[in-house]
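Please go through the ligand site, the helix that contributes to it, the strands and one further helical residue in the structure shown here. The briefing gives a lead passage and then points grouped by topic.

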Amino acid sequence: MSDLILKVESLRAFYGQTQALYDVSLEVEREGITALLGANGAGKTTTLRAICGLVRTEGTIRYDGADISRLGTANIVRRGVAHVPDGRGTFAELTVEENLKLGAYTVTDRAAGARELDRVMTYFPVLRERYRQQAGTLSGGEQQMLAIGRALMLRPKLMVLDEPSFGLAPLIVAEIFRIMRRINEEERVSILLVEQNARLALDLADRAYLLETGSLVISGAAEELKQDEGVQRAYLGY
Ligand code: ATP
């Protein structure tokens, strides 16, 4: 039996009276990379928000052996789930340094904090160069790197990322995806990745799910999904 860091079962999510997810069940293997694909409005962002305790849900969300579906977001973060939200969520008025230090709010020891900063900047050398610069003045790619770096400051076991490729040039996206692979391998962080760019996501992930209007329609090994005719037609442009 494989070792799962995350097991979501029959997840339903609601915005007021509106239901956005219908019985979504998905798994992320420990130290694995799972991709969640789908068109605009399919429910990808909602799935990540649900895992992080940011929307009202029914169903179970087991993370690292415990049901976290009734826990508050702060508690979920403290257990090692780091969310890189859509729109990146960095604070434009704060510097790179301040944004990164906010990510480490669970680290109270100063020396440990400094070590974390150093560790994160080995993945993103450009953040070292921009250390005292306001986040709002960074390029889109640098802001995405800052958002991932800030999440890494938590020393997460699971990182959930919402469309890290959004609005970025292909070369920058390729670089960010290479860094995500390194983070997965070297930090042994499990990853759940939401993407509209199916080709990139299927290259990075070992497992993938496809969401349509709030329900899962296909799941399997990433290699299998690449061969699926429906996926090819709708998402890979064949
Ligand atoms: P995108 O790629 O465009 O971000 P998505 O797959 O992430 O799309 P969600 O943002 O999860 O999709 O949206 C799923 C559904 O929930 C949509 O029908 C959307 O209109 C609805 N929804 C999302 N956020 C809210 C909200 N705050 N209030 C009400 N409905 C919402």
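The model is predicted, so local features need pLDDT of at least 70 and side-chain atom pairs pLDDT 80 or more, while totals for chains, interfaces and linings use all residues. Residues are numbered from 1 along each chain as its sequence is written, and side-chain values use heavy atoms, with hydrogens and water left out.

**Ligand site**
- The ligand is surrounded by 13 residues, of which the closest are Gly41, Gly43, Lys44, Thr45 and Thr46; a residue is counted as near if one of its heavy atoms lies within 4 Å.
- Asn40 places a polar side-chain atom 2.8 Å from an oxygen atom of the ligand, and a backbone N or O atom of Gly43 also lies 2.8 Å from a ligand oxygen atom.
- By residue class, the shell holds four nonpolar, six polar and three charged residues, with Gly counted among the polar ones.

**Helix α1**
- Helix α1 (residues 44–51) supplies the largest share of the shell around the ligand, four residues; helices are DSSP runs of H or I with at least four residues, and strands are runs of E with at least two.
- Six of the eight residues of α1 are buried, so this helix is largely enclosed by the rest of the structure, buried meaning under 20% relative accessible area (1.4 Å probe, protein chains only).
- Among these buried residues are Lys44, Thr46 and Leu48.
- Just after α1, Gly53 adopts a positive phi of about 75°.

**Sheet**
- Four strands make an open, antiparallel sheet in the order β2-β1-β4-β5, where pairing requires at least two DSSP bridges between two strands.
- Because β2 (18–29) and β5 (66–67) stand at the edges with a single partner strand each, one side of each is left without a neighbour in the sheet.
- Strand β1 (residues 4–15) is joined to β2 by eight bridges, and Leu4 has Glu29 of β2 as its bridge partner.

**Gln143**
- Gln143, in helix α6 (residues 140–152), has a side chain that reaches the backbone oxygen of Ala135 at 3.3 Å.
- Leaving aside residues up to four places away in sequence, Gln143 touches Arg88, Thr90, Ala135, Gly136 and Leu138, contact meaning heavy atoms within 4.5 Å.

Key. A polar contact is a pair of N or O atoms within 3.5 Å; within protein, one must be able to donate a hydrogen and the other to accept it, and residues adjacent in sequence count only if both atoms are side-chain atoms. Buried means under 20% relative accessible area, exposed over 50%, partly exposed in between (1.4 Å probe, protein chains only).
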